[in-house]
Every structure is written in structure tokens, then in C-alpha cells.
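Take a moment to look at the sequence and the model side by side. We will walk through them together, from the overall outline to single residues.

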Amino acid sequence: MTRDEIIEKAKTLINGDRAKDYGDAKDNFDRIAAGWNIIIENADGPITAKHVALMMDWVKTARLLETINHDDSWIDKIGYSALGGSFDKD
């Protein structure tokens with residue numbers, strides 16, 4: 001894909017299906033920020049791969065708060081949890 005094609009595809013997604021599935025982007029990002037702040041505030045030291053797994057899981061949770069029956073987000077949450085749980089202790 002060319003840069004222009006990538007930009008057009010992104011424009012189509014954020015103004016179409018993504019907006020329909022996840023609601024207003026600013027509202028969704030505000031929910032994500034709230035969850036990430038809790039994770040960061042409770043981290044005991046630097047952010048680790050396990051924290052990132054929690055944060056990515058929260059992205060999916062924030063999206064599900066808008067569209068509870070979005071199967072891909074439920075599946076992704078399981079994937080992030082499995083990955084985070086498999087990482088060695090830091």
C-alpha cells in the first residue's frame with residue numbers, strides 16, 4: 001500500500017466501523033487513560049511487560065464498555081491475559 005492508501009484506509013476505519021463499534025474516540029481514549037493511570041499508579045517500579053498486558057487488556061475492556069458483544073475484543077482480552085500470565089516474573 002502507498003502512504004495515501006494507508007491514510008485513506010485509516011480515515012475510513014476511524015470514521016466508520018471503529019466509530020460505530022467503539023463510540024466516540026475521545027470518550028474511549030478517556031476511559032483507556034483512566035484505566036492505564038490506575039495500572040501505572042499501582043506499579044511497584046518501572047512498567048513491565050506484565051503491565052503492558054494489563055494495559056492492552058484494559059484497551060479491550062474500554063472498547064467493550066461501548067459495545068459489549070464485540071467478539072474480537074473478548075478474544076483479544078483472553079490473548080493478552082494469557083501472554084501476561086506467561087511472562088516470567090520481573
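Let us begin with a word you will need throughout: helices are DSSP runs of H or I that hold at least four residues, strands are DSSP runs of E that hold at least two, and both are numbered from the N terminus. Keep in mind that this is a predicted model, in which local features need pLDDT of at least 70 and side-chain atom pairs count only at pLDDT 80 or more, while totals for chains, interfaces and linings use all residues. Residues are numbered from 1 along each chain as its sequence is written, and side-chain values use heavy atoms, with hydrogens and water left out.

Now for the overall picture. The protein has 5 helices and 0 strands, and reading along the sequence gives the pattern α-α-α-α-α. Its radius of gyration is 15 Å, well over the 12 Å that the globule rule gives for 90 residues, so the protein is more spread out than a compact globule. The radius here is taken over C-alpha atoms, and the globule rule is 2.2 Å times the number of residues to the power 0.38. Along the principal axes, the C-alpha trace spans about 40 × 30 × 25 Å.

What about the inside and the outside? A residue is called buried under 20% relative accessible area, exposed over 50%, and partly exposed in between, using a 1.4 Å probe and protein chains only. Buried residues make up 24% of the 90 residues. The protein exposes about 6600 Å², and carbon and sulfur atoms supply 59% of that area. Such areas come from the Shrake-Rupley method with a 1.4 Å probe, and for residues only the protein chains shown count as cover.

Next, find helix α4, which covers residues 49-66. Helix α4 has 18 residues and reaches 27 Å from its first C-alpha to its last, close to the 26 Å expected at 1.5 Å a residue. That expected span is 1.5 Å times one less than the number of residues. Several residues of α4 are buried, among them Ala53, Met55, Val59 and Leu64. What covers the buried residues of α4? The cover includes α3 and α5.

His51 counts as buried because its relative accessible area is 15%. Leaving aside neighbours within four places in sequence, His51 is in contact (heavy atoms within 4.5 Å) with Ile39, Ala43 and Pro46. By comparison, the C-alpha atoms of His51 and Ala10 are separated by 28 Å, and these two residues are 41 apart along the chain.

Together with Ile40 and Ile47, Val52 makes a nonpolar surface patch of about 230 Å². Patches are made of residues with over 30% relative accessible area and no salt bridge; like charges are joined within 9 Å, and nonpolar side chains (Val, Leu, Ile, Met, Phe, Trp, Tyr) within 5 Å.

That brings us to charged partners. Side chains of opposite charge can pair when their charged atoms come close. A salt bridge is a side-chain nitrogen of Lys or Arg within 4 Å of a carboxyl oxygen of Asp or Glu, and by this rule the count comes to 5 salt bridges.

One of them joins Lys26 and Asp30, whose closest N and O atoms are 3.0 Å apart. Both residues lie in helix α3 (residues 25-41), 4 residues apart, or about one turn of the helix. An α-helix has 3.6 residues a turn, so residues three or four places apart point the same way. Lys26 is exposed because its relative accessibility is 52%, while Asp30 is partly exposed at 40%.

Another salt bridge joins Arg31 and Glu66, with 3.6 Å between the closest N and O atoms. This pair links distant parts of the chain, since Arg31 is in α3 and Glu66 is in α4, 35 residues apart.
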